[in-house]
Amino acid sequence: MSHNLNIDKLDLQIISEMMSNAEISYADLGKKLFVSGGTIHVRMKKLQELGVVKGTKLHVDLKMIGYDVIAFIGIYLEKSSMYDTVAKELRKIPEMVRLNYTTGSYSMFAEIICKDITQLRRILHDELQKIKGIERTETLISLEESFYRTINVVE
């Protein structure tokens with residue numbers, strides 16, 4: 001895939017470094033990779049235009065700001081052809097932070113972040129179950145996130 005996009009080893013090194021520390025300056029990253037800060041800037045712009053880089057994110061300890069419940073929801077659809085319609089409706093739920101179309105037991109698998117169990121219950125009961133096309137759901141509550149990491153893109 002990277003060959004079709006004209007992504008080379010330097011691009012992958014830039015991606016890898018930025019994935020581990022998005023706050024690093026282009027000048028400092030250039031020094032680390034033995035190229036100029038201008039080269040990093042040009043490469044990042046190219047990666048953004050290609051859609052490879054879609055922005056930067058701040059990694060926050062959500063529990064410290066009051067979001068105590070992380071849950072995963074396996075969603076069974078009435079018909080798999082309803083995926084697009086259901087996904088569009090699920091996107092409207094701000095607490096739903098990730099959604100995947102899957103193989104296996106569930107048609108869809110979602111991650112939801114809530115302040116407490118009461119909020120989770122409200123979303124499950126008042127919002128999720130009312131979406132046409134959802135046959136049923138199974139909810140798994142995360143007790144602890146043991147680790148979070150990004151993939152190493154440099155071979």
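**Close-up 1. Packing of helix 1 on helix 3 in the predicted model****.** Helix 1 (residues 9-20) packs with helix 3 at an angle of about 90°, their axes lying 10 Å apart; helices are DSSP runs of H or I with at least four residues, strands are runs of E with at least two, and both are numbered from the N terminus. Axes are lines fitted to C-alpha atoms, for helices over the stretch in contact, and angles run from 0 to 180 degrees between N-to-C directions. Helix 1 is therefore roughly perpendicular to helix 3 (65 to 115 degrees; under 35 is roughly parallel, over 145 roughly antiparallel and the rest oblique). Leu10, Asp11, Ile14, Ile15 and Met18 of helix 1 meet Thr39, Ile40, Arg43, Met44, Lys46 and Leu47 of helix 3, contact meaning heavy atoms within 4.5 Å. The contact has 7 nonpolar, 1 polar and 3 charged residues; Ala, Val, Leu, Ile, Met, Phe, Trp, Tyr, Cys and Pro count as nonpolar, Asp, Glu, Lys and Arg as charged, and the others, Gly among them, as polar.

**Close-up 2. Packing of helix 2 on helix 3****.** The axes of helix 2 (residues 26-33) and helix 3 (residues 37-50) are 7 Å apart and form an angle of about 105°. Helix 2 is thus roughly perpendicular to helix 3. Helix 2 contributes Tyr26, Ala27, Leu29, Gly30 and Leu33 to the contact, and helix 3 contributes Gly37, Ile40, His41 and Met44. Of these residues, 6 are nonpolar, 3 are polar and none is charged.

**Close-up 3. The buried face of helix 5****.** In helix 5 (residues 117-127), Gln119, Leu120, Ile123 and Leu124 are buried (under 20% relative accessible area; exposed is over 50% and partly exposed in between, with a 1.4 Å probe and protein chains only). Viewed down the helix 5 axis, these residues fall within an arc of 130°, so they line one face of the helix; the arc is that of the directions from the helix axis to the C-beta atoms. They pack against strand 1 (69-77), strand 3 (108-114) and strand 4 (134-141). Thr118 and Arg121, on the other side of helix 5, are exposed.

**Close-up 4. Asp116 and Gln119 at helix 5****.** At the start of helix 5, a side-chain oxygen of Asp116 comes to within 3.2 Å of the backbone nitrogen of Thr118. Gln119 counts as buried because its relative accessibility is 16%. Leaving aside residues up to four places away in sequence, Gln119 touches Glu95 and Cys114.

**Notes.** Residues are numbered from 1 along each chain as its sequence is written, and side-chain values use heavy atoms, without hydrogens and water. In this predicted model, local features need pLDDT of at least 70 and side-chain atom pairs count only at pLDDT 80 or more, whereas totals for chains, interfaces and linings use all residues.

Terms used: Polar contact = N/O pair within 3.5 Å; in protein donor to acceptor, adjacent residues only side chain to side chain.
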